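Have a look at the structure, then read on.

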Amino acid sequence: YRRPLTVVRSNLAYRLAEGHELALNYLLNRAGNRQTDTWDSDFVPTDDVLAKHIVSLSYDQSLMDGRMNNALFVKDYVNHLTVGQSELPSTTGSDKVRGSNTQNYVGYGIGSRYLFLDPLAVKASFEHSIRLPISREVLGNGSTVYPNLALKPEISENFNLGLFGTFDLGGGHSISYEANGFIRLVDNYIRATVTETESMMQYVNVDAVHIKGVDGEIRYDWAGKLHVAANVSYDDSRDMRKYTQSGDISVTYRNRTPNRPWTYCNAEVSYTFH
């Protein structure tokens with residue numbers, strides 16, 4: 001079982017005028033999936049490929065001496081899958097996608113921030129987002145995770161609103177903060193399931209999941225030496241699939257998404273001797 005990984009990134013930026021810039025970005029993430037078995041003579045070696053191409057074009061604008069910043073972008077997502085394996089077709093979906101297929105998706109968004117004063121700034125953004133599945137979710141891991149070759153990408157409408165700023169207390173002391181609220185309306189949400197009889201995992205799609213949450217962080221700095229930071233995040237993720245494939249009311253409708261924490265927090269302290 002071998003999984004060679006190739007990653008290529010490139011970026012081209014062009015300044016149209018002071019405070020106006022265009023950027024073109026390209027990302028390739030290619031994962032192979034070479035499987036062999038020296039003990040099983042009936043096993044047919046495979047060389048599956050999952051390749052993701054993401055091209056984005058963005059326009060960044062800085063106005064009012066940098067107090068206001070806007071960004072608009074559009075992204076093209078290309079998902080290419082080549083499948084050679086044929087084992088467990090009813091479980092892995094290899095009978096549905098065997099061979100080579102390419103899918104294309106378009107995402108876009110806008111973000112803005114405005115600085116009223118150093119202690120108070122506001123930012124807001126919207127994105128029609130695509131999350132292409134990673135190799136572990138599609139191809140499994142060869143031992144404890146089944147492939148799901150028919151897995152679909154997540155498509156979501158994301159809304160964000162936040163406040164941030166810095167208070168200069170004098171004497172080298174400063175306090176910075178950030179607080180955000182967010183909403184994610186996700187179709188084809190990807191989550192892990194467990195087969196109890198075989199103790200195997202597999203990633204599957206949930207038709208609709210809504211995620212709402214807030215997060216906040218506060219940071220203290222003294223003379224660039226002492227740094228203290230703490231943050232907390234809370235999100236409420238709910239299964240919004242009302243009906244099952246058979247047309248019955250889903251028993252998990254409006255329940256929390258399983259196997260997903262909803263509260264996170266961490267803190268750190270550091271001191272630098274220059």
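**Strands and a surface patch**

Strand 10 and strand 11 (residues 263-271) run antiparallel and are joined by nine bridges. Strands here are DSSP runs of E with at least two residues, numbered from the N terminus, and two strands pair if DSSP finds at least two bridges between them. Keep in mind that this is a predicted model, where local features need pLDDT of at least 70, side-chain atom pairs count only at pLDDT 80 or more, and totals for chains, interfaces and linings use all residues. Residues are numbered from 1 along each chain as its sequence is written, and side-chain values use heavy atoms, with hydrogens and water left out.

**Pairing around strand 10**
- His227 has Ser270 in strand 11 as its bridge partner.
- Strand 10 (residues 226-239) also runs antiparallel to strand 9 (residues 200-222), with 14 bridges joining the two.
- Across from Val214 you'll find Tyr234 in strand 10.
- The hairpin of strand 9 and strand 10 has three residues between the strands, and Ala223 takes a positive phi near 55° there.

**The nonpolar patch**
- Leu12, Tyr14, Leu16, Leu22, Leu24, Val55, Leu57, Val74, Val106 and Tyr108 make a nonpolar surface patch of about 880 Å².
- Strands 1 (5-17), 2 (20-35), 3 (46-63) and 5 (99-117) each give two or more residues to this patch.
- Strand 1 provides the largest share, three residues.
- Val106 belongs to strand 5, and Val106 counts as partly exposed because its relative accessibility is 43%, between the cut-offs for buried (under 20%) and exposed (over 50%), using a 1.4 Å probe and protein chains only.
- Patch residues have over 30% relative accessible area (Shrake-Rupley method, 1.4 Å probe, only the protein chains shown as cover).
- Nonpolar side chains (Val, Leu, Ile, Met, Phe, Trp, Tyr) are joined within 5 Å, and like charges within 9 Å.

Key:
Salt bridge = Lys/Arg side-chain N within 4 Å of Asp/Glu carboxyl O. Helix = DSSP H or I, 4+ residues; strand = E, 2+ residues; numbered from the N terminus.
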